Amino acid sequence: MAAFLPNRLGKRPVGAGGDVLSAVPRLHPEAGVQRVAGKLMAAGPDDFMHRFEDEQGQVSAVAERIVELVDGRRTVADIVTVLCQEFEVEPEVCREDTLSFVRLLVEKKVLVLGP
């Protein structure tokens, strides 16, 4: 499912990584994020609940950190830069994983992307 960034002529799909990298993610206006029992949880407008865990059910520190870094000012590229500084990860891997995760959260209506 494509996400959309507003522009002067209406909406355009965000497909290429460059579009998403330059976008500023924000919490969806109808979503909420809260720490419950030490774990970050997100609720979307469609009653979707998301726990930031890996395949083994362990808290994903990187996923939680991405959500923590969403402040309405940083671009996705800025978030990638911070993650590369804080975690031992190759920049290309970090970029692709972050793009995929942000797209998922947009699809699940936890985040929206804007200029």
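1. Two strands pair if DSSP finds at least two bridges between them. Helices (H or I, at least four residues) and strands (E, at least two) are DSSP runs, numbered from the N terminus.

2. This is a predicted model, in which local features need pLDDT of at least 70, side-chain atom pairs count only at pLDDT 80 or more, and totals for chains, interfaces and linings use all residues. Residues are numbered from 1 along each chain as its sequence is written, and side-chain values use heavy atoms, with hydrogens and water left out.

3. Strand β5 (residues 39-43) pairs with β6 in the antiparallel sense, over three bridges. Ala 43 stands opposite Met 49 of β6.

4. Both strands belong to an open sheet of three strands, ordered β4-β5-β6, with antiparallel pairing. At its edges lie β4 (32-36) and β6 (49-51), each of which pairs on one side only. On average, neighbouring strands of this sheet are turned by 25° against each other, direction ignored.

5. Helix α3 (residues 76-86) packs against helix α4 (residues 91-107) at an angle of about 130°, and their axes are 10 Å apart. Axes are lines fitted to C-alpha atoms, for helices over the stretch in contact, and angles run from 0 to 180 degrees between N-to-C directions. The angle therefore makes α3 oblique to α4 (under 35 degrees counts as roughly parallel, over 145 as roughly antiparallel, 65 to 115 as roughly perpendicular and the rest as oblique).

6. In contact (heavy atoms within 4.5 Å), residues of α3 including Val 76, Ile 79 and Leu 83 meet residues of α4, among them Pro 91, Arg 95 and Leu 99.
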